[in-house]
Amino acid sequence: MVESATRAKGFVSLARELGREELESVIQMGTDSSAAKSFVYGRGLGKMRHLEIRDLWLQREVRQGRIVVEKILGSQNPAHLMTKILIIREIEKLSLIHI
């Protein structure tokens with residue numbers, strides 16, 4: 001989530017520099033991980049000891065309303081197109097363009 005939030009903020013910044021000032025400043029992210037969602041809405045590292053202090057900025061962004069994280073079902077997560085082995089039916093369901 002930290003990586004995708006960083007990239008999303010970069011894209012928004014780039015778009016604004018290119019003249020797209022009307023873009024929504026709040027980034028909306030979806031995750032099928034309850035642990036990830038709990039982390040970003042919490043404070044501090046909690047039990048997630050493998051995270052680094054530098055990643056805590058994401059909690060601040062969520063608290064300040066600059067990033068909204070929503071829970072989505074794993075079966076509806078479009079990220080699975082690039083991270084999971086799927087059958088054609090699942091690919092079609094997750095794709096914007098049906099094969």
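Trainee: What should I know before reading the values?
Mentor: This is a predicted model, where local features need pLDDT of at least 70, side-chain atom pairs count only at pLDDT 80 or more, and totals for chains, interfaces and linings use all residues. Residues are numbered from 1 along each chain as its sequence is written, and side-chain values use heavy atoms, with hydrogens and water left out.

Trainee: How many helices and strands are there in the protein chain?
Mentor: The protein chain has five helices and two strands, in the order α-β-α-α-β-α-α along the sequence. Helices (H or I, at least four residues) and strands (E, at least two) are DSSP runs, numbered from the N terminus.

Trainee: And what share of the 99 residues is buried?
Mentor: Buried residues account for 23% of the 99. Buried means under 20% relative accessible area, exposed over 50% and partly exposed in between, with a 1.4 Å probe and protein chains only.

Trainee: Which residues of helix H2 are buried?
Mentor: In H2, residues 34-41, they are Ala36, Phe39 and Val40. They sit on the same side of H2, because they cover an arc of only 90° around the axis; the arc is that of the directions from the helix axis to the C-beta atoms.

Trainee: What do they pack against?
Mentor: The buried residues of H2 pack against strand S1 (27-31), helix H3 (57-63) and strand S2 (67-71). Contact here means heavy atoms within 4.5 Å.

Trainee: Where is glutamine 59, and what does it contact?
Mentor: Glutamine 59 is in helix H3 and counts as buried, at 3% relative accessibility. Beyond its neighbours within four places in sequence, it contacts Phe39, Val40, Gly42, Arg43 and Gly44. The C-alpha atoms of glutamine 59 and valine 40 are separated by 4.7 Å, although the two are 19 residues apart along the chain.

Trainee: Is threonine 31 buried or exposed?
Mentor: Threonine 31 counts as buried, at 6% relative accessibility, and lies in strand S1. Not counting residues up to four places away in sequence, threonine 31 touches Met1, Ala36, Lys37, Val69, Glu70, Lys71 and Ile72.

Trainee: Changing topic, which residues lie nearest the centre of the largest pocket?
Mentor: Of its 12 lining residues, those are Ser4, Gly30, Thr31, Asn77 and Ala79. The elements giving two or more residues to this lining are S1 and helix H4 (80-83).

Methods:
On a 1 Å grid over the protein atoms alone, a cavity is a set of points where a 1.4 Å probe fits but cannot get out, and a pocket is an open set with protein on both sides within 12 Å along at least five of seven lines; lining residues have an atom within 4 Å of a point.
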